[in-house]
Amino acid sequence: MDKNIASRDGTPLAYESAGRGTAVVLVSGAMSTGGTVAPLAARLSEGFRAVVYDRRGRGDSGDTAPYAVEREVEDLAALIEAVGGEAALYGVSSGGALALRAAASGLPVHHVAVYETPYAMSSDALEERTRYTERLTAALAEGRRGDAVELFLRLTGLGEEVIRGARQSPMWAGMESIAPSLAYDDAVMGDGSVPRGLLASIRVPVLSIAGDASPAWMREAARAIAESVPRGTYRALGGQTHMVEPDVLAPVLAEFFAR
């Protein structure tokens, strides 16, 4: 990241942008940095000013205790101000929940697109989220960062053998380094249910997207978002999973943001 700004509470935020025109701020999800969405930003920069940033507590950005979701909304407010005072937002996974919260808070946002925001769609899934929150909180409080990462990977559906392999991989140290930010994404997701009241307050167009090769509940969650906002649209992308291909997603976002 080649630029820095300060959020309202003084936290330094690292970001970079490319392209010209309407600003589109890309919000990454859990266990990721701005670099994770950089390939998509590169495609969007052909028609927009695509902006990526490291959310607080990860990458080149700083962190300031105590954490609150409102601080991350303020981070987006500072970033939008730095890139022209108005923007569209794109959020992936739990980053989508943050983008939706930012729009509901009244930030100067004119379009919001989200990809597979993982709201729970059953009572069993909600109970699983509650257990995850409890165990994650305990692991981080006790300094067990590796255990916290494992808990998250299990929540995403990875098997034990895959998780053991990940622990032996070169990327594990980096995952442990940003493990505390898992609590931030957990807070952004609330209790895990679709926040229909909050979504109903969003006045700008919202495009909620899922891959048709993803689990059915992810498509259900994406559809529930679109149905809960006054100006919502649902879209399924053929052959795509949670790891959506930038070349497939970028044209869909470009068409939406250009409206």
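Predicted model: local features only at pLDDT ≥ 70, side-chain atom pairs only at ≥ 80, totals over all residues.
## The β1 end

Strand β1 (residues 3–6) and strand β2 (residues 12–18) run antiparallel. They are joined by 4 bridges. Lys3 stands opposite Tyr15 in β2. Ala6 stands opposite Pro12 in β2.

The hairpin of β1 and β2 has 5 residues between the strands. Within the hairpin, Gly10 takes a positive phi near 95°.

On to the next pairing in the sheet. β2 and β4 run antiparallel too, and 4 bridges join them. Here Glu16 has Val52 in β4 as its bridge partner.

## Helix against helix

| Helix pair | Axis separation | Angle |
|---|---|---|
| α4 (residues 123–141) and α5 (residues 145–155) | 9 Å | about 165° |
| α2 (residues 69–82) and α3 (residues 94–104) | within 10 Å | roughly 75° |
| α5 and α6 (residues 160–167) | within 10 Å | roughly 145° |

Take α4 and α5. Their axes pack at an angle of about 165°. The two helices are therefore roughly antiparallel to each other. The crossing of α4 past α5 is left-handed. On the α4 side, the contact uses Glu128, Arg129, Tyr132, Arg135, Leu136, Ala139 and Leu140. These meet Asp147, Ala148, Leu151, Phe152 and Leu155 in α5. The contact of α4 with α5 holds 8 nonpolar residues, 4 charged ones and no polar ones.

Helix α5 also meets α6. The crossing of α5 and α6 is right-handed. From α5, the contact draws on Gly146, Asp147, Glu150, Leu153 and Arg154. From α6, the residues are Glu160, Ile163, Ala166 and Arg167. By class, the contact of α5 with α6 has 5 charged, 3 nonpolar and 1 polar.

How are α2 and α3 oriented to each other? Their axes cross at roughly 75°. The two are therefore roughly perpendicular. In α2, the contact residues are Val69, Glu72, Val73 and Leu76. They meet Leu98, Arg101 and Ala102 in α3. This contact of α2 with α3 divides into 5 nonpolar, 2 charged and no polar residues.

## An aromatic pair

A pair of aromatic rings is described by the distance of the centres and the angle of the planes.

How many aromatic pairs does the structure hold? There are 3. One of them is Tyr67 with Tyr184: the ring centres are 3.9 Å apart and the planes are at 0°, so the pair is stacked. This pair links distant parts of the chain, 117 residues apart. Tyr67 belongs to the loop between β4 (49–53) and α2, whereas Tyr184 is in helix α8 (residues 182–188).

## Backbone details in two loops

The loop that carries Tyr67 also contains Pro66. A cis peptide bond joins Ala65 and Pro66, with omega at about -5°.

Where is Met31 found? Met31 is in the loop between β3 and α1 (38–44). Its phi is near 55°, a positive value in a residue other than glycine. Gly10, in the hairpin of β1 and β2, also has a positive phi, near 95°.

How values were computed: Residues numbered from 1 in each chain as written. Heavy atoms only, no water. Pairing = 2+ DSSP bridges. Axes fitted to C-alpha atoms, helices over the stretch in contact; angles between N-to-C directions. Parallel < 35°, antiparallel > 145°, perpendicular 65-115°, else oblique. Left-handed = near helix turned anticlockwise from the far one by under 90°. Contact = heavy atoms within 4.5 Å. Nonpolar A, V, L, I, M, F, W, Y, C, P; charged D, E, K, R; others polar. Phe/Tyr/Trp six-rings, centres within 6.5 Å; stacked < 30°, edge-to-face > 60°.
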